[in-house]
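Welcome! Take a look at the sequence and the model, then read on.

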Amino acid sequence: MVNEVLRKIFGTKHDREMKRIRPVVDKINSLEPQMQGLSDEQLKAKTPEFQNRLKNGETVADILPEAFAVCVKLRACLGMRHYDVQLIGGIVLNRGAISRDENG
């Protein structure tokens, strides 16, 4: 009973984690139009750009939305689109966690 009340007030661990991840997914999706305008050469240049940014002190978390947006663009070239749940799974894995459903 107490656990149910606390869960309703604070949400489940899953709910709290999703509140932290959802803004990252929204940022990735917001970058999609910008990535659509990149040429093949500009896309190729993104890898060394990301490497330089990491060498210059940015973290993986700093570049993650843009790097994932590049991946979304590359998939779009194949006529496919990542679902948000796939982006969430990638973010969770990047954080060193294993994604699982609430049942197990």
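Predicted model: local features only at pLDDT ≥ 70, side-chain atom pairs only at ≥ 80, totals over all residues.

## A first look

The protein chain has five helices and zero strands.

**The chain as a whole**
- The protein chain holds 104 residues, and 28% of them are buried.
- Its accessible surface comes to about 7500 Å², and carbon and sulfur atoms account for 55% of that.
- Of the contacts between residues at least 6 apart in sequence, 66% link residues at least 24 apart.

**The largest nonpolar core**
- This core has 19 residues, and those touching the most other members are Ile21, Val25, Ile28, Phe68, Leu87 and Ile91.
- Two or more residues come from each of helix H2 (13-36), helix H3 (40-55), helix H4 (60-77) and helix H5 (84-94).

**Where H2 meets H5**
- The two helices H2 and H5 pack at an angle of about 115 degrees, and their axes lie 10 Å apart.
- The crossing of H2 past H5 is right-handed.
- From H2, the residues in contact are Met18, Ile21, Arg22, Val24, Val25, Ile28 and Asn29, while H5 brings Asp84, Leu87, Ile88, Ile91 and Val92.
- Sorted by type, the residues of this contact are nine nonpolar, one polar and two charged.

Key: Residues numbered from 1 in each chain as written. Heavy atoms only, no water. Core = buried A, V, L, I, M, F, W, Y, C linked by side-chain atoms within 4.5 Å. Buried < 20%, exposed > 50% of the residue type's maximum accessible area, 1.4 Å probe, protein only. Helix = DSSP H or I, 4+ residues; strand = E, 2+ residues; numbered from the N terminus. Axes fitted to C-alpha atoms, helices over the stretch in contact; angles between N-to-C directions. Left-handed = near helix turned anticlockwise from the far one by under 90°. Contact = heavy atoms within 4.5 Å. Nonpolar A, V, L, I, M, F, W, Y, C, P; charged D, E, K, R; others polar. Areas by Shrake-Rupley, 256 points an atom, 1.4 Å probe, with all protein chains shown as cover.
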